[in-house]
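Hi,

Here is the structure I promised to pass on. Have a look at it first, and then read my notes below.

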Amino acid sequence: MFHVKKVIRIGFVVAVVLVVLLFLSRNLIVKGIFNKVTTKIKSRYGVTVTVSSVKVKGISTFELQNLLVANSDTLLYSNLFKVRLNPFYLATLKINPKQVDISNSQLKVDKLIALAIKPRPESSSSQNTSQTLGSKRLYRLVRAFFGLTTATFNIDNLHLTYSDSTYHGNVKIAKWNYHSNNFTSTVNLNDGGSSSWVRVAGATNKRNSSLTVTLSADSNAAFIPFTSPILGIKSSFKKIYIDLKASHNEPDKIELSFNSNMHSLMVEGNRIAQTPVTLDSCGVSLLVRVMPNSYIIDTISTLNLNGFRAYVGLEYYPYLNRRLMFKLYTGDNKWQSFFDALPQGLFTNLNGIKVNGTFSYSLQVDIPLATPDSLTITPNLRSKGFYVLSYGNTNLAMLADTFTHRAYIDNVFVRDIKVNPKSEVYASLDQISPYLQWAVITSEDGGFYNHRGFSLEGITYAMACNIREKRFVRGGSTISQQLVKNIFLNQNKNIGRKAEEILITWIIENTGIATKERILEVYLNIIEWGPNVFGIREACQYYFGKSPISLTLPEALFLAFIIPRPTKFHYLFDAEGKPKQFVTESFLFVANKMLTRGNITQKDYDNLVTNPQVTLTGPAKDLPEISQ
């Protein structure tokens, strides 16, 4: 018994001595660890991290003075960076900051982004990353995020800057005050010369892994810095509320709830629309689950746009049988509430429209990423009693009457085109060869007479092509959509134009504004067919010196073929003036479809096989060749 007590006493003394030695030499140990970590960072990222001193104060406070992170330029500088860790977590070798002090610091956001997107050679370990390792990394990232954001921050003079040849913006935090898990600050935002002040208030809870923050502009609006050079848009807000909580965070399951509301949000940029887009209010409520083999946004999640709410869900399986699924459901709504919720500046033609009726809409998209040709799109619109009481800024009913169309090329006005049977350049449908009508329909929109504005088959095929090629290579627009784009909208390719195109097309096709025959007739009379050539009558004279009713099958196929690129017709012919092989192959492909559908006779097809030649006999034959 005596020997046991003696051994315990000796062991205790040794332990105490070791602890004392570790405590006394803690600065040397931490400095050695710091040097090892910075050497690894430099090797992997090409970034040098230096300090004038690194110290440990007490048992859990780490202080770095004159911290400098740089490569060819300074990325981050901090006069003082001090972190106090939770001793309990530190004892278990887990880093969970309890307090962070930052003084006189500057972070260059542009340099940091350049470093982040810089390609680096993958190591063998990263190439063999398993799904389990991936989920563990995400778990550590989420844990680190909440560990850091729920710490007590004391900030004196922090600047975040972004500069390039055409832009300079910054965020300045003079003082960040923290008391009893609540924080407040006044932040100066400068977005390329637009300066504004924002009051920040919020609360954190380390025990519940939660964070809430409210940003309120002192003036009418606060411009958000850095969005212009990074996203190509300029944006501002009056108030933003964010609530984020990790209700479950384990390596095999992460569950996050995210709620946010924004008031008086403005977004400006050609990628969105030609004019600034404003939202009185918008918000999201998301329930996100991450597991080793899946990333899921639960279908109880909602999007809110000016009071109009829709439920959304998303499932992504990144490993075996890679798959992406999207779901949307609106529930029962009044049509008028939907149109009232549309953002100002995004649907200029429909602004002020008054309608009657109710609807519900659901959409499911299932994309097998390894085999995109197998993707499915399942829309379901249930509309009841829809009709237009009064049109908004644009009277869509003009399509059924005579009107003057303003033709543009690359958004530059060219000339007016009179959509009027009395016009000498206008051709009614009975004055246009059926060969041409069916060649255009077959080439551009095979289901034209069977759909109500949209081709689900065409959209599915276009989406599959774009996913397979990993870029936008094909659109799924119908003739109705192309007509709406030409008459009511501009030629810009952005989200706003496409969204308005879809809505106007649906209204025209589902309210009887114009028949299919009228839509096709106007389309053939206003589209561009060549250099300053608009409408089918001008096209027939320009290429063949004849009227539209006299077109042959090969001539009709030629005119249908050039619609996507009407000014590049010369590249279709060889040095002898004969159509190139790929052109005649396309003629036969389209004609075979026309034969199958009963649009032409077997004799028509056989004659085309025998002689698929097209000879330009109009003014087009005298133009110099246009390069491809």
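Strand β10, residues 210-217, is mostly covered, with six of its eight residues buried. Buried here means under 20% relative accessible area, exposed means over 50%, and partly exposed is in between (1.4 Å probe, protein chains only). Strands (E, at least two residues) and helices (H or I, at least four) are DSSP runs, numbered from the N terminus.

Before you go further: this is a predicted model, so local features need pLDDT of at least 70 and side-chain atom pairs count only at pLDDT 80 or more, while totals for chains, interfaces and linings use all residues. Residues are numbered from 1 along each chain as its sequence is written, and side-chain values use heavy atoms, with hydrogens and water left out.

Back to β10. Which strands does β10 pair with in the antiparallel sense? One is β9 (residues 194-205), over eight bridges, and another is β13 (residues 239-250), over seven bridges. Two strands count as paired if DSSP finds at least two bridges between them.

Next, helix α13. This one spans residues 516-526 and is mostly covered, as 10 of its 11 residues are buried. Among the buried ones are Ile-519, Leu-520, Val-522 and Leu-524, and also Lys-516, Arg-518 and Glu-521. When you look at the helix, remember that an α-helix has 3.6 residues a turn, so residues three or four places apart point the same way.

How far to trust it? Mean pLDDT (the predictor's confidence in each residue, from 0 to 100) is 87 for the chain, and 90% of the residues reach 70 or more. Among the elements, α13 has the highest mean at 97, whereas helix α5 (residues 124-127) has the lowest at 42. Two stretches to treat with care: pLDDT stays under 50 over residues 17-25, where the model has three contacts beyond four places in sequence, and also under 50 over residues 123-129, again with three such contacts. A contact means heavy atoms within 4.5 Å.

Now the charged pairs. How many salt bridges does a search of the whole structure find? The search gives 18, counting a side-chain nitrogen of Lys or Arg within 4 Å of a carboxyl oxygen of Asp or Glu. In general, side chains of opposite charge can pair when their charged atoms come close.

Lys-108 forms a salt bridge with Asp-73, with the closest N and O atoms 3.4 Å apart. That pair links distant parts of the chain: Lys-108 sits in strand β5 (residues 97-108) and Asp-73 in the loop between β3 (61-70) and β4 (74-85), 35 residues apart. Lys-108 counts as partly exposed because its relative accessibility is 22%, and Asp-73 does too, at 28%.

Two others to look up: Lys-578 meets Glu-576 at 4.0 Å, N to O. Here Lys-578 is partly exposed at 41%, while Glu-576 is exposed at 65%. Then Asp-622 and Lys-621 meet at 3.3 Å, N to O, with Asp-622 exposed at 57% and Lys-621 partly exposed at 45%. Finally, salt bridges with shared partners join Asp-73, Lys-108 and Lys-111 into one network.

Cheers
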